[in-house]
Amino acid sequence: MARDSRIDTIRGFAMVTIIINHFSFLSAELGMTGPQIPTTTTFSVSSAAEIFVALSGYMVGMVYVSKPNATTLLIARAAKLYAWNFALFVTAALLTLVTDQRFNAVAHFTPLTSDPIQATTYFLIMTYGPFLLIILHLYVMLLVVSPMAVWLIRRSPLFLVIFSVTVYMGFQVCVRFYPELGGSPNPLEKSPWGFHPLAWQVIFFVAMAGGSVRLHDRAFAILEKQRWIFWVTLVLFISIGTLKTFLDIPRIPLTDHGTLGPARAAHAILVVLLYAGVVTVLKSHLDSLLFRSFALIGRHSLNAFLFSTVATFIGLYIWQQLGLGWLGYMIITVLLIVATWGAAKHWDKRKFAQALGSESINGIPLGARV
């Protein structure tokens, strides 16, 4: 079955947004002044992280549920991602050899310098991680329990949705009475848990159930016929963003990040619908260079995230050391996106070459065999 470029384009939107958001946040924390590059997050009560998690779950549902060895494949993928995340952790640890205290505090590297053995221990059990790495902890946890989700989906995708939403709602009720449930899972930090698995699982598993039935086929078909859905979504998005911007509300109720407040989760759904509407309304432009570039990054979104994480830390260090200011922030942000695109281009070419190689035996193309 042909791959739908619209999904890859949406994943690319999310990935580019994540790159901009991360560098904007970190550079601002280190003293960058001036306007930041606007993204959908700028006018949102949710962020691109929700879309990243949701589309990751969707792809798991679409790709793995139908495979007879789904459990083996999912555990293997979790183990591979765990190893890559540890490699990122080692990279962060090496960076602390040259970074200063302010950089370490902003990037959550401080535990690595104050108590490296304890920090490593908590990282290995996935209860501590430097900034940008903790979302990968969440992904590993979700992949590890995904075989149980596959078991439920094979009986009925609705069973998984009901179970996941029940766990989410139960957690939301409990955390309102016992806020400490959303606190840091380690004694190294006082901040809340960045991505509480009992909350964030709902985005992943509900999307996984949707992926198992290729929900996007029906969703895009509806959006094609009912274009008004996109325009209503756009008006809602702009209205919420306008209210947030002009009212300057410091903290909107039920939009907690770590515990994925219900209003935040609802807004994330709105943004996904907005992205889906964009690629539907502009379907005739998907072959343009811009949209193909987004789709290219989206096809390799996980690798792009891993690559951009290291690139962001290095770019931030260079920006800080050279005191590049606002113009440097703009230039490095663009370079991060271009570098990620270049890496995705390389991965695409390598994947294509491997596919060609698998279609031949002893140097004879399969198509030529009689």
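Tutor: Start with helix H1 (residues 5-29) and helix H10 (residues 215-225) in this predicted model. Their axes come within 11 Å and cross at roughly 90°. Angles of 65 to 115 degrees count as roughly perpendicular, so H1 is roughly perpendicular to H10. Now find the residues that touch. H1 brings Arg6, Ile7 and Ile10, and H10 brings His216, Phe220 and Glu224. Sort them by class: the contact of H1 with H10 has 3 nonpolar, 1 polar and 2 charged residues.

Helix H3 (residues 70-95) and H14 have axes that come within 10 Å and cross at roughly 5°. An angle under 35 degrees counts as roughly parallel, so H3 runs roughly parallel to H14. From H3, the contact takes in Arg77, Leu81, Trp84, Leu88, Thr91 and Leu95. From H14, it takes in Leu302, Leu306, Thr309, Val310 and Phe313. The classes here are 8 nonpolar, 2 polar and 1 charged.

Stay on H14 for a moment. This helix covers residues 301-322, and Ser308 lies in it. Is Ser308 buried or exposed? Its relative accessible area is 5%, so Ser308 is buried. Which residues does Ser308 touch, once neighbours within four places in sequence are left aside? They are Met15, Ile19 and Thr340.

Ala49 and Met15 are 34 residues apart in sequence, yet their C-alpha atoms are 8.9 Å apart in space. Ala49 sits in helix H2 (residues 48-63). With a relative accessible area of 11%, Ala49 is buried. Leave out residues up to four places away in sequence, and Ala49 touches Ile135, Phe195 and Trp200.

Follow that last name. Trp200 touches Ala49 in turn, along with Glu50, Val53, Leu138, Gly194, Phe195, His257, Gly258 and Leu260. Residues up to four places away in sequence are not counted there. The largest nonpolar core has 104 residues, and Trp200, Phe204 and Met208 touch the most other members. There is a general pattern behind this kind of grouping. In soluble globular proteins, nonpolar side chains tend to be buried together.

Take Met208 from that trio. Helix H9 (residues 197-212) holds Met208. Its relative accessibility is 0%, so Met208 counts as buried. Around Met208 are Gly57, Tyr58, Val60, Gly61, Val65, Ser146, Ala149, Val150 and Ile153, all of them in contact with it, again without residues up to four places away in sequence. Now look at a pair that stands apart. Met208 and Ile37 are 171 residues apart along the chain, and their C-alpha atoms are separated by 32 Å.

Helix H11 (residues 228-247) and helix H12 (residues 262-281) pack at an angle of about 135°, with their axes 9 Å apart. H11 and H12 are therefore oblique to each other. Their crossing is left-handed. On the H11 side, the contact is made by Ile229, Phe230, Thr233, Leu234, Leu236, Phe237 and Ile240. On the H12 side, the contact is made by His267, Leu270, Val271, Leu273, Leu274, Gly277, Val278 and Val281. By class, the contact of H11 with H12 has 12 nonpolar, 3 polar and no charged residues.

Finish in the loops. Leu254 lies in the loop between H11 and H12. Its phi is positive, about 65°, although Leu254 is not a glycine. At 42% relative accessibility, Leu254 counts as partly exposed. Met126 has a positive phi too, near 60°, and is also a residue other than glycine. Where is Met126? Look in the loop between helix H6 (116-124) and helix H7 (134-155). Buried means under 20% relative accessible area, so Met126, at 15%, counts as buried.

How values were computed
Residues are numbered from 1 along each chain as its sequence is written. This is a predicted model: local features need pLDDT of at least 70, side-chain atom pairs count only at pLDDT 80 or more; totals for chains, interfaces and linings use all residues. Side-chain values use heavy atoms; hydrogens and water are left out. Axes are lines fitted to C-alpha atoms, for helices over the stretch in contact, and angles run from 0 to 180 degrees between N-to-C directions. Helices (H or I, at least four residues) and strands (E, at least two) are DSSP runs, numbered from the N terminus. Angles under 35 degrees count as roughly parallel, over 145 as roughly antiparallel, 65 to 115 as roughly perpendicular and the rest as oblique. A crossing is left-handed if the near helix is turned anticlockwise from the far one by less than a right angle, and right-handed if clockwise. Contact means heavy atoms within 4.5 Å. Ala, Val, Leu, Ile, Met, Phe, Trp, Tyr, Cys and Pro count as nonpolar, Asp, Glu, Lys and Arg as charged, and the others, Gly among them, as polar. A nonpolar core is a set of buried Ala, Val, Leu, Ile, Met, Phe, Trp, Tyr and Cys residues joined through side-chain atoms within 4.5 Å. Buried means under 20% relative accessible area, exposed over 50%, partly exposed in between (1.4 Å probe, protein chains only).
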